[in-house]
Amino acid sequence: MAEATVAIVGAGPAGLRAAQVLAEAGLRPLLIDEGHRAGGQIYRRPPPGAERPAADLYGFEAGRARALHDLAEALAPRIDYRPGTMVWGIAPREPAGFDLDCLGPAGHGRIAADRLVLATGAMDRTLPFPGWTLPGVFTLGAAQIALKAQGMAIGRRVALVGAGPLLPLVAHQYAKAGATVVAVLDVTPLGAKVRAAPRLAAVPATLAKGVWYTLACALRGMPVRSGVRALAVEGDHQVEALTFEDASGRRHRVACDAVGASFGLRSEAQAADLAGCRFVFEPLTRQWQPVRSGQGHSSHPQVYLAGDGSGIGGADVAELQGERAALALLADLGRPRDTSREARLDRRLARQAGFRAALEAAYPYPHHLVDRIGDDEIVCRCEGITAGALRRAATEREAREMNRLKALTRAGMGRCQGRVCGHAAAEILARRLGVPVEAVGRLRGQAPIKPIPLREPA
Amino acid sequence: MTGLFQRLATRPGAAIPFTIDGAPAEAKAGDLLIGAILLYRRSLRRFEFGPGERAGFCLMGACQDCWVGLADGRRVRACTTLVEPGMAVITGGAGG
Amino acid sequence: MEHLTVDVAIIGGGTAACAAAVALREAGLTVALLEKRLCGAGASGVNFGGVRQQGRDVAELPLSRRSRALWDGLNAKLGEDVGFEATGHIKLARSESDMAVLEAYARDAAEHGLDLQLLGANALRAEMPWLGPAVVGASLSPTDGQANPRVVGPAFARLARRLGAELREHSPVRHAAHDGAGFTVEAEGVTVKSRSLVNAAGAYGGAVAGWFGEAAPVAPLSPNMVVTEPLAPLVTRSIGVVGGDVYLRQTRRGNVVLGGGRGTADVADGLARPVSATSLAAGAKTLALVPDLAHAQVIRSWSGLDGEMPDHIPVIGPSSTRPGLVHAFGFSGHGFQLGPAVGEILAELVTQGRSTSPLHPFRIERFAGWRGGPYRSEGEIEH
């Protein structure tokens, strides 16, 4: 009997570990990577010519990064690795399995797979504030990638804003690399962090890292502030300053030419959507995610999920989930099981889940800030749709859920398909309607997941 | 006028010549187009539906804010495209 | 369970259904409309957006002409910009035999008062120099155009509600029957009793007719649509071709919407999805017509579920078995332009038992002898 074809979408920590398990079992999985070198965003490698020492690039995580990069090299002969290849469509195949529409170095192609492991990762979660569409305002992740992948800072005087552990990390990395960081602003109310501290302490290494980065920032003389509100970027054509209110309500203005700002992470789950996975609202992070069992099963019997693309857990968890999902897949194929390995992974994942819950409680998505978004502010960056247009659609045009809001206003109808504006738009709509955010649903993923050329590439 | 980005880690290697709106520019091997442009300019393109310009946002190929045109008609996402010798970027007059 | 008693119950919430609700309220009747999902979210909301008379079956031209007159006043009537623009519709010939088809059609259309302008290759290139060499001639309908399908149906629905119609969304109809005294429509969460019943159930219109013992073979039809990123203005007119295998238009905001071929549809759950190979093929055909779009990026594709009749024209008219029941379904992929007029016609049929528009070709009785059972809809869709 022919061996099942397994396609892994995404070559970050989750995808690589899944590939490892499947390769060890003698399968030859496809590993489809939008990036040009395996590692994902977190362990992103600079392009050839721009390499730098791992310790400079990944800090505390250098060891893990190196291990995964080495794994990718070691796996190369035993897997079918497709770098620079974007999966832009997924459709069911008769009688079973999937067709993956891909755009790669050789143009459009179609890959048939019996089973899928979706490890599609995450991107920064954003929230509009005045001036956020000015050139020079980026996500925190973008600020980090500029440094990791290019050895560049996003500006000469950089202000960093966030709600989550990425903030002190990026600030530290910037300062260490010689950039001028003029402000490190945490929008999380201090109370939330204090309340979550006992549970965070359950994973001392991570807590220590967070404290260390924060202290390091302070020691380098960077102004670090918590509980910041009322952010606004000033400038006519470019970033000139960031203004904010501190926890005690005092107004500040910091001159800068670039801002990195994010409010946690959101799953890149469009592939799971096209594959037919059922989604569920996850109240802790206030986002819809594909249903995923502890073992990595989705609601679809031939689709497995791992990593941040199906629930934010971070890189270490992603590795464990990738391994676990691949073991589940092998078990479903009738391969002999290593139940003690499965149990060990399940225990570690359970511990991590507890920690993650504490982390999310410490750094909640600051959804309450949507009330501060003025009617004139652009929410949908692609189409230029304002908060006022969304609110009017709710009150005057009977928009009661996200896809109707999209149809009436075009929010989420642009090039990014609502990746950037979707969460904020849902919060704005729900707030205006006076309903819980889950009641307005979510934007559906549509092929192509990302833009593809109308003309078949030569 | 100086660019938005600042190169912190200098590295050896040949310079790659390209142009931005016809003006000569230089990048290094391994530079992504977004970085190569923003070392010289403060934005990448005009916004289609209102005043203002854009300079990209996520740098990970997700937000689609950084699509730029090339003189040969091609359109590329600047954050996932490596700069190539002779590339002729057209920003539409954005951010000088 | 909610109970409503009204003059007219309407099954379906597409543009024609919502327009009928408006017209019936204007005639002073009480109305309850039952929609499976959201009003205007089905075929009438996800179609190409062509507002076209040209190329229709000549039997449809009187309805289409009537509807075209209504489109001019829709913004004012609905209190909302529905994006209608009379950009003209141009049907392209890619061969001499195509041109002969256009010439013959133009003669037929003239008899119905629709003036079409035949353009040879030179005249065509002079006006539209961006057309590719595959095009040898065309027929232009200057009064045709395009609109935003996503907003038209919902706007009619809101107007109906403002006028006092009871609209129930997310209320799929389970069954409808007549007990001798009146109709009873059982939907999820609501039961409606009425004197009259409008069947505007789209792909499900045949099933509703079946409850009253009438045969109407409706096949699911799901046009495949693609849209590009916003581009500089280029494509000045809405474009179709002889044969119907590709069509495109550029919106006011610059996106080029293009279609051709079919997606897939699941009638059970009502969902349609585009087919990637079809999207790519439509792209290639589009580039043969407009080569300057070579570098455009596609940002989205979609499909929707419509109902198609074996003769590609809808069922519109009174039931042959049950007085008080009127049908309007099976628009076969080109109902968007007709919607406003069909709404008026349905109201005429309910209030007067007849319409000022000629409906004989659309009578349901034409399928009375239908023995084929379900059939498979095939071929190109003139969208």
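Two strands pair if DSSP finds at least two bridges between them, and strands (E, at least two residues) and helices (H or I, at least four) are DSSP runs numbered from the N terminus. This is a predicted model, in which local features need pLDDT of at least 70, side-chain atom pairs count only at pLDDT 80 or more, and totals for chains, interfaces and linings use all residues. Residues are numbered from 1 along each chain as its sequence is written, while chains are lettered from A and ligands numbered from 1 in the order in which they are written.

**View 1. A strand pair joins chain A to chain B.** Strand β10(A) and strand β1 (residues 6-7) of chain B run antiparallel, joined by 2 bridges. Ala153(A) has Gln6(B) in β1(B) as its bridge partner. Around this pair, 45 residues of chain A are in contact with 35 residues of chain B. Two residues are in contact if their C-beta atoms, placed from the backbone, lie within 7 Å. On the chain A side, β8 (122-124), α4 (140-150) and β10 (152-153) each give two or more residues. Helix α4(A) gives the most, with 6 residues. By class, this side of chain A has 21 nonpolar, 13 polar and 11 charged residues. Ala, Val, Leu, Ile, Met, Phe, Trp, Tyr, Cys and Pro count as nonpolar; Asp, Glu, Lys and Arg count as charged; the others, Gly among them, count as polar.

**View 2. Chain C meets chain A.** The contact draws 23 residues from chain C and 21 residues from chain A. On chain C, α6 (149-162), β13 (223-230), α8 (276-289) and β19 (297-303) each supply at least two residues. The largest share of the chain C side, 6 residues, comes from β19(C). That side divides into 12 nonpolar, 7 polar and 4 charged residues. Strand β24 (residues 452-453) of chain A pairs with β19(C) in the antiparallel sense, over 2 bridges. Here Pro453(A) stands opposite Gln297(C).

**View 3. Three strands of chain A form an open sheet.** The strand order is β4-β5-β6, and the pairing is antiparallel. Strands β4 (86-92) and β6 (107-113) of chain A are the edges, as each pairs on one side only. From one strand to the next, the twist averages 25°. Axes are lines fitted to C-alpha atoms, for helices over the stretch in contact, and angles run from 0 to 180 degrees between N-to-C directions. Strand β4(A) pairs with β5 (residues 98-104) of chain A over 6 bridges, in the antiparallel sense. Ala91(A) stands opposite Asp99(A) in β5(A).

**View 4. Chain A is divided into three domains.** Domain 1 covers 6-123 + 266-337, domain 2 covers 126-263 and domain 3 covers 373-440. These bounds come from an automatic or database domain assignment. The contact between domains 2 and 3 takes 5 residues from domain 2 and 9 residues from domain 3 of chain A. The domain 2 side of this contact has 3 nonpolar, 2 polar and no charged residues. For residues 378-431 of chain A, an unreviewed UniProt entry lists "domain: BFD-like [2Fe-2S]-binding". UniProt positions are given in the numbering used here, feature names are shortened, and annotations may be inferred rather than shown by experiment. Over residues 378-431 of chain A, the chain is 52% helix and 9% strand. The end C-alpha atoms of that stretch are 17 Å apart.

View 5. Ala358(A) lies in helix α10 (residues 339-362). Ala358(A) counts as buried because it has 21 C-beta neighbours inside 10 Å. Gly434(A) is found in the loop between α13 (422-433) and β24 of chain A. Gly434(A) counts as exposed because it has 8 such neighbours inside 10 Å. A residue is buried if 20 or more other C-beta atoms lie within 10 Å of its own, exposed if 12 or fewer, and partly exposed in between, with C-beta atoms placed from the backbone. C-alpha to C-alpha, Ala358(A) is 24 Å from Tyr43(A), at 315 residues apart in sequence. Gly434(A) and Glu240(A) are 36 Å apart by the C-alpha atoms and 194 residues apart in sequence.

**View 6. Chain C has two assigned domains.** Domain 1 of chain C spans 2-46 + 150-217 + 310-367, and domain 2 spans 89-142 + 223-303. Their centres, taken over C-alpha atoms, are separated by 31 Å. Contact involves 5 residues of domain 1 and 4 residues of domain 2 of chain C. The domain 1 side divides into 2 nonpolar, 1 polar and 2 charged residues.
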